[in-house]
Amino acid sequence: MKKVFQDAVEFHRHLCLDIAVGYRAAEILVREMGDELKNMKEVVALVGNQTCALDAIQEITGCTFGKRNLILTDVGKPVYILQNTKTGNSVRAYCHYWDTFDHSEFRALRKAVKKNEATAEQKATLERLTKETIDKILAAPESELFQVSRPVLSAPKISGKYPAAPCEACGEHTDEALLSEGEDKRLCKECLALKAA
Ligand SMILES: [Zn+2]
Ligand SMILES: [Zn+2]
């Protein structure tokens, strides 16, 4: 196992298909961006969905939720982008590997394991399948996993400091833009949810 992949697995704390996909994606993004990554303060990662792959993206690109340079675009696809926000130059990798991936056997086996109904044989099959698929993902030519392009994108809005005001129910200071104007009170999302419940 390569050291970089090992680091990603360690950060993620388990070995799974998506961490392998995230590792392959991050490898492409970092390599293709090259000099565009010289000043990491100018770099953001844009990710299209929430999967285990994101831990590899965070570990390998150095863009993290905590640093606010990992942005979940929530477009609902396995698409990973690294962008230099100054030049707009970006590398985009869409994982088309899943398009034709047959999940059925995995799903059935995982379901049985989850329900505690799996036989020793089923457990072993799941383990073997997982290992084989990870090996395949790690060894596959990039073109079999990703469609890579080099778009030029405008800079995303980075969240960070925001003007805060107290919620008129709980009193907790909240991003003003996220307080909703109720009938007579400005409420935070938590209090709004309580009221609706
Ligand atoms: Zn995972
Ligand atoms: Zn509140």
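## Helices and strands

Helices (H or I, at least four residues) and strands (E, at least two) are DSSP runs, numbered from the N terminus. With that in hand, you can find seven helices and nine strands in the protein chain. Please keep in mind that this is a predicted model, in which local features need pLDDT of at least 70, side-chain atom pairs count only at pLDDT 80 or more, and totals for chains, interfaces and linings use all residues. Residues are numbered from 1 along each chain as its sequence is written, chains are lettered from A and ligands numbered from 1 in the order in which they are written, and side-chain values use heavy atoms, with hydrogens and water left out.

## Overall shape

The C-alpha trace spans about 60 × 50 × 30 Å along the principal axes of the protein chain. Its radius of gyration is 21 Å, while a compact globule of 197 residues would have one near 16 Å. Here the radius is taken over C-alpha atoms, and the globule rule is 2.2 Å times the number of residues to the power 0.38.

The chain is divided into domain 1 (3–99 + 142–149) and domain 2 (164–192), with bounds that come from an automatic or database domain assignment. Between the C-alpha centres of domain 1 and domain 2 there are 35 Å.

## Inside and contacts

How much of the protein chain is made up of buried residues? The share is 39% of the 197 residues, where buried means under 20% relative accessible area, exposed over 50%, and partly exposed in between (1.4 Å probe, protein chains only).

Contact means heavy atoms within 4.5 Å. If you take contacts between residues at least 6 apart in sequence, 62% join residues at least 24 apart.

## Two residues to look at

Start with Ala25, which lies in helix α2 (residues 17–33). Ala25 counts as buried because its relative accessibility is 0%. Leaving aside neighbours within four places in sequence, Ala25 is in contact with Ile57, Tyr80 and Phe146. Ala25 and Lys86 are 61 residues apart in sequence, and their C-alpha atoms are 22 Å apart in space.

Now turn to Thr133, in helix α5 (residues 120–139). Is Thr133 buried or exposed? Thr133 is buried, because its relative accessible area is 6%. Beyond its neighbours within four places in sequence, Thr133 is in contact with Leu17, Tyr97, Phe101 and Phe106.
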